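Dear colleague,

I am passing on the structure we spoke of, with the sequence alongside. Below it you will find my notes on what came out of the analysis.

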Amino acid sequence: MSAAPADPVLAVDIGGTSLRLGLINAEGRLLGEIARYAVPFTDDGAGDLEGILALMAPHVERARDAASGELSVGISLCGNVDLESGDAILVPNLGWRDLPFGALVSQRFELPVCVATDVRQAVLAEAVWGAGAGERNFAWATVGTGYGGYLFLNGRLYGGAHGFAGNFGHTTYDEINGHACGCGRRGCFETYVAGPAIARAGQLAHEAGRSLILSSLASGGTISTRAVFRAIELGDPVAAQIVDDAIRLICINLGGVVNLLDINLIVMGGGVAKAAPWLVERVNERIRAYLMTAEAQRELRVTRESTANAALWGAAAHVYAVQGILPRDILESGRTHRAIRSWQTAASS
Ligand SMILES: [Zn+2]
C-alpha cells in the first residue's frame, strides 16, 4: 500500500532544545498548527529517545486516523544522519552516536519514516517552497546552537562523498587558542559565532565587569545569548562588539563558501538569526568585503529563511520527493532514497 498523494505528511523537527510537529501537505501548506515541546533529556544529559517517542505518539495516532492511505513520517534531526539507514551518526546536542533512530521510530509506530539532518531538510524546503525556488545553486547557513549548513548545487541537494558536505562551520579558524568544539576538534568557526559562543563572550564581559547593562541581565550569574542581544537593544557597546565580532567571522567563513562555489544566494536560519533578524542584513552587507569577484559582490544575496522553521517543512518535502510526488532528482545523486520500513524488515527476517 502506498500513501495517497493527497495525504499530508507528519513532519517532525527535533532540535537541541525543542521538538516541533506539524502536518504538511504536498503543496507545502501547514494543516492545523505546529505543536511545540521541550526536548526531554535523561538524567545523564542525553536526549531521551523514549520520551521523544512518547511526545510523538498522540500526533502519529491522530494523523494516522485522518490519513486515507498509509501515513508517512518525515524527520529532521540536529546532527549527522546517514540518509540511507536513518541512523543518527553523531548528534552532539542529544549525546547520540550511532543510534538507529529512523529504524526505531519506524518500528515503534509501524510506519515508513524518512530522516535527515536539519540543515539538509532546511535547504530542501527552501529549494522547493522557499527562497531558493527556481535557483540552481545556493547554500543554507544556520546560526543557532551550532553553525553550519548544506548545499544545493546544479538543481539538487549536494551531500558530498559521505553526506557531510556543507560543514563550513567546522572549518578551523584558530586551533591553537580556540575553544573545544562539539566535533571533537578545537577552534572551529562554530566555536566563535554560534549562540553558545556569543553567550560565553557575554559571560566573560560580565565577569570582568566591562558592561553594567550585561551584568544587569545576568540570570543567576549567567549570561544567555538572548541577554547579549537584549543588551544591544539597550544600547550596550560591549554586547554590540561581541556580536559584531561574530558577524565578521561569519562573513569571512561564508565569503569563502561563495568564493569556492560561485553561488548567488545564501539563505540563513537558526535560533540566533531568528532572535536578531538584523544580523542577516548585516551579513549581507559586510560579506562583500570578503568576496573575490565583482560578480559576486554585485549579485550575491544573503537572505533570511522563508518560514520560521524550514527544517520542519523540509522533513515533509523529503518524504514527498522520496515518494516521487516532488521530483526525485532534487535529492542527492549517487544514493538510494527510500523510506525506512524497519517493522516490515523485522517481520520478514
Ligand atoms: Zn568543529
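In this predicted model, the domain assignment of the chain gives two parts, with domain 1 covering 9–117 + 309–348 and domain 2 covering 131–304. Their centres, taken over C-alpha atoms, are separated by 27 Å, and the contact between them draws on 12 residues from domain 1 and 10 residues from domain 2. On the domain 1 side, the residues that touch domain 2 are five nonpolar, four polar and three charged.

The largest nonpolar core has 107 residues, and L10, A11, I75, V228 and V283 are those with the most contacts inside it. Helix 12 (residues 310–323) supplies the largest share of this core, namely 10 residues. Because domain 1 and domain 2 both give residues to this core, it lies between them. As for A11, if its neighbours within four places in sequence are left aside, its contacts are L21, G22, I24, G74, L312, W313, A315 and A316.

There is also an open sheet of five strands with mixed pairing, in the order 11-10-9-12-13. Strand 11 (156–158) and strand 13 (301–304) each have a single partner strand and stand at the edges, so one side of each is left without a neighbour in the sheet. On average, neighbouring strands are turned by 25 degrees against each other, direction ignored. Within this sheet, strand 9 (residues 138–143) pairs with strand 12 (residues 265–269) in the parallel sense over four bridges, and T142 has G269 in strand 12 as its bridge partner. Helix 3 (residues 118–129) lies across strands 9, 10, 11 and 12, running at about 45 degrees to strand 10 (147–153).

With best regards

Key:
Residues are numbered from 1 along each chain as its sequence is written. This is a predicted model: local features need pLDDT of at least 70, side-chain atom pairs count only at pLDDT 80 or more; totals for chains, interfaces and linings use all residues. Domain bounds come from an automatic or database domain assignment. Two residues are in contact if their C-beta atoms, placed from the backbone, lie within 7 Å. Ala, Val, Leu, Ile, Met, Phe, Trp, Tyr, Cys and Pro count as nonpolar, Asp, Glu, Lys and Arg as charged, and the others, Gly among them, as polar. A nonpolar core is a set of buried Ala, Val, Leu, Ile, Met, Phe, Trp, Tyr and Cys residues joined through C-beta atoms within 7 Å. A residue is buried if 20 or more other C-beta atoms lie within 10 Å of its own, exposed if 12 or fewer, and partly exposed in between; C-beta atoms are placed from the backbone. Helices (H or I, at least four residues) and strands (E, at least two) are DSSP runs, numbered from the N terminus. Two strands pair if DSSP finds at least two bridges between them. Axes are lines fitted to C-alpha atoms, for helices over the stretch in contact, and angles run from 0 to 180 degrees between N-to-C directions.
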